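Here is a friendly walk through one protein model, meant to be read with the structure open beside you. We start with the overall fold and then visit a few places in it.

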Amino acid sequence: MRNKHSVPFEHAVMSFGISVPIFVARELMRHRIASFSEESSRYRELRPVFYIPGKDRPMVQIGRPMAYQLEMGSEALQAFAVETIMDSYKESWESYQTLLKSGAAREVARMVLPVGIFTNLHMTINLRSLMNLLSLRIRHEDSRIESKPQLEIQMMAEQMEDFFKEKFPITHQAWHDNGRTAP
Ligand SMILES: Cc1cc2nc3c(=O)[nH]c(=O)nc-3n(C[C@H](O)[C@H](O)[C@H](O)COP(=O)(O)OP(=O)(O)OC[C@H]3O[C@@H](n4cnc5c(N)ncnc54)[C@H](O)[C@@H]3O)c2cc1C
C-alpha cells in the first residue's frame, strides 16, 4: 500500500446489496470501476419507499457553491422541509398509481416519480476501487483527501466501510494508515 503497488488489491472483490434513494444511486454509479445491476422499474412496479431526512439532517447552505457549510436551520424550517417533501412524495405516488390503473406502462408511469424514492441494486467492486470510493465519499479527520460528499452517500459509504473492515481487517488498517487513500 505504502509503495503504491495497487494491482494486488484488485484481486479481492466485495459485492454489496444496496437500497438507497435514486439521488444516492446516481452518485454511486459515477464510480465506473465497479459492476452494477439495478432492479428494473420497467418490469416491476416500484414500492412506495421514500427517503425522509432525519431531524439531525442540516438543512441550510451557508456560503457559495462548492465551498459551503451546512447548518441545521430552525425547527420551523426542518418541519416545513419534511412536510413539503412528504406532500410531494404522496402526490407523485398517487400520479404513478393513477397512470398504472389507467393502463400506462410501468416505464411511462415511473416518469412522475421523484429522486427520493428508493431503488435496489447490487454492486461488485474490487478493493482498490472500493478504497477510492470510500476516500471520496467519506469525510474523515484522518483522510488526506479533502472531499465534501453529500451526507446521504456518506451514510451509505460508512456502512460499506464497516463491512470492508470486518472482512479485510489488515487491508482496511493499511488503507487507514495510508491517509485513507487508495494506492
Ligand atoms: C464530493 C464530490 C462531488 C462531486 N460532484 C460532481 C458533480 O458535480 N458532477 C459530476 O459529474 N460528478 C461529480 N462527482 C463525481 C466525480 O467526478 C467522479 O466521477 C466520482 O467521484 C468517481 O470517481 P473516480 O473517477 O475516481 O472513480 P471511478 O470511476 O471508479 O474510477 C476509478 C479510477 O480509475 C481511473 N479511471 C476511470 N475511468 C477513467 C478514464 N476514463 N480515464 C482515465 N482514468 C480513468 C481514475 O484513476 C479513477 O480515479 C463528485 C464526486 C465527489 C466525491
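What percentage of the 183 residues in the protein chain do buried residues make up? They make up 37%, where buried means under 20% relative accessible area, exposed means over 50%, and partly exposed lies in between (1.4 Å probe, protein chains only).

Please keep in mind that this is a predicted model, in which local features need pLDDT of at least 70, side-chain atom pairs count only at pLDDT 80 or more, and totals for chains, interfaces and linings use all residues. Residues are numbered from 1 along each chain as its sequence is written, and side-chain values use heavy atoms, with hydrogens and water left out.

**The overall fold**

The protein chain has six helices and five strands; these are DSSP runs numbered from the N terminus (helices H or I, at least four residues; strands E, at least two). Their order along the sequence is β-α-β-β-β-α-α-β-α-α-α. Along the principal axes, the C-alpha atoms fill a box of roughly 60 × 40 × 25 Å. Among contacts (heavy atoms within 4.5 Å) with a separation of 6 or more, 72% join residues 24 or more positions apart.

**The largest pocket**

The largest pocket holds about 670 Å³ of space. A pocket here is an open set of points on a 1 Å grid over the protein atoms alone, where a 1.4 Å probe fits and protein lies on both sides within 12 Å along at least five of seven lines; lining residues have an atom within 4 Å of a point. The volume is the space filled by probe spheres set on the points, which are joined across faces, edges and corners.

The lining has 22 residues, and the closest to the pocket centre are Tyr68, Leu70, Pro149, Gln150 and Leu151. Strand 4 (69-71), helix 2 (75-101) and helix 5 (151-167) each give two or more residues to the lining, and helix 2 gives the most, with three. By type, the lining has 13 nonpolar, four polar and five charged residues. Nonpolar covers Ala, Val, Leu, Ile, Met, Phe, Trp, Tyr, Cys and Pro; charged covers Asp, Glu, Lys and Arg; the others, Gly among them, are polar.

**Two residues to look at**

| Residue | Place | Relative accessibility |

Leaving aside neighbours within four places in sequence, Ala12 is in contact with Ile125, Asn126, Leu127 and Phe168. With residues up to four places away again not counted, Arg57 touches Tyr51, Leu70, Met72, Gln78, Gln150, Leu151 and Glu152. Leu70, Gln150 and Leu151 also belong to the residues closest to the pocket centre.

**Helices 4, 5 and 6**

Helix 4 (residues 127-137) is mostly covered, with eight of its 11 residues buried. Among them are Leu127, Met131 and Arg137. The cover over its buried residues includes strand 1, helix 1 (22-28), strand 5 (118-126), helix 5 and helix 6.

The axes of helix 5 and helix 6 (residues 169-177) come within 5 Å and cross at roughly 120°. The two helices are therefore oblique to each other. Where they meet, Glu161, Phe164, Lys165, Glu166 and Lys167 of helix 5 face Pro169, Thr171, His172 and Trp175 of helix 6. This contact has three nonpolar, two polar and four charged residues.

Definitions and conventions: Axes are lines fitted to C-alpha atoms, for helices over the stretch in contact, and angles run from 0 to 180 degrees between N-to-C directions. Angles under 35 degrees count as roughly parallel, over 145 as roughly antiparallel, 65 to 115 as roughly perpendicular and the rest as oblique.
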